[in-house]
Amino acid sequence: MRTKVIIRNKFRFGIALLILMVFVITVLMISIGEGKGIDKEKDVNWIFVKVKEGDSLWTISKDFVDESVDIRDYISFIRKVNKLENAILYPGQVLKFVDVKTYKLLCTK
């Protein structure tokens, strides 16, 4: 047996349907975008560097960047990746670095 639905206010129904569609599309776009970010980071070849006495983020980073990259942005990126609150390094500490090509790829997210 079928029940008949009566829409009393077509304007309100249209607005509610529009809001629902916008919400669903937004959720889909966010989930697709997050999936792309995961794929980019999945294939990253991290370079692990053990910190020696006298090393700084600047001196280590100079080995991984060229003139096409602002070294300050690269250091900021490395600090985020390694979850460093400041730029103080300790001998024996192991940090993750990437080459310039991978850095540029990760920064285009």
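Which is Arg72 here, buried or exposed?

Guide: Arg72 is exposed, at 57% relative accessible area (exposed means over 50%, buried under 20%, partly exposed in between, with a 1.4 Å probe and protein chains only). Before we go on: this is a predicted model, where local features need pLDDT of at least 70, side-chain atom pairs count only at pLDDT 80 or more, and totals for chains, interfaces and linings use all residues. Numbering runs from 1 along each chain as its sequence is written, and side-chain values use heavy atoms, leaving out hydrogens and water.

The side chain of Arg72 forms a salt bridge with that of Asp70, 3.0 Å from N to O (the cut-off is a Lys or Arg side-chain nitrogen within 4 Å of an Asp or Glu carboxyl oxygen). Side chains of opposite charge can pair when their charged atoms come close. Asp70 is partly exposed, at 30%. Searching the whole structure turns up 1 salt bridge.

Now for the nonpolar side of things. The largest nonpolar core has 22 residues, and Tyr74 and Phe77 are among those with the most contacts inside it (a core is a set of buried Ala, Val, Leu, Ile, Met, Phe, Trp, Tyr and Cys residues joined through side-chain atoms within 4.5 Å). Helix 3 (71–81) supplies at least two of its residues, as do helix 2 (57–61), strand 2 (94–97) and helix 4 (100–107); these are DSSP runs numbered from the N terminus, helices being H or I of at least four residues and strands E of at least two. Helix 3 gives the most, with 6 residues.
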